[in-house]
Amino acid sequence: MSQKKFTILEKYGNTASGQEIPRELLLGQTEKEVEYDRAGGIIKGQEMALPRSKYEEVLVNNHTSVWGSYWKGHQWGYKCCKQMIQKDLLHRRRWR
């Protein structure tokens, strides 16, 4: 084996040799530095969380579901309280 090939195999390893791959490489985990302020808020270093859907879900007026999550009688509404008025507040007493 040539010296050049030997140094490359020594530096990078040989997957055909059956050597076990480190767990960090298999799972794609890396150490990332996160910087916090005195109150515990993140200053820099943490990536934004991935959205659960490609649409922005904004909860307003104490509703626990988004507008348009309920459909009845050719009208959209809120699934949490079955209201058909979009800008109305959630009235919990009425729906208990």
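Helix α1 lies largely in the open, because none of its 10 residues is buried. Buried here means under 20% relative accessible area. The helix covers residues 3-12. G13 follows α1, and its phi is positive, near 85°.

This is a predicted model. How high is the average pLDDT of the protein chain? The average is 76, and 70% of the residues score at least 70. Among the elements, α2 has the lowest mean pLDDT, 69. Strand β4, residues 75-78, has the highest, 91.

Next comes the stretch around α2. I21 sits in the loop between α1 and α2, which spans residues 23-27.

Now the aromatic rings. A pair of them is described by the distance of the centres and the angle of the planes. The structure holds two aromatic pairs. One of them joins W67 and Y78 edge-to-face. Their centres are 5.1 Å apart, with 70° between the planes. This pair links distant parts of the chain: W67 belongs to strand β3 (residues 67-72) and Y78 to strand β4, 11 residues apart.

| Residue | Relative accessible area | Class |
|---|---|---|
| I21 | 41% | partly exposed |
| W67 | 30% | partly exposed |
| Y78 | 2% | buried |

Y78 counts as buried because its relative accessibility is 2%, under the 20% cut-off. W67, at 30%, is partly exposed.

Technical notes
Residues numbered from 1 in each chain as written. Predicted model: local features only at pLDDT ≥ 70, side-chain atom pairs only at ≥ 80, totals over all residues. Heavy atoms only, no water. Helix = DSSP H or I, 4+ residues; strand = E, 2+ residues; numbered from the N terminus. Buried < 20%, exposed > 50% of the residue type's maximum accessible area, 1.4 Å probe, protein only. pLDDT = per-residue confidence, 0-100. Phe/Tyr/Trp six-rings, centres within 6.5 Å; stacked < 30°, edge-to-face > 60°.
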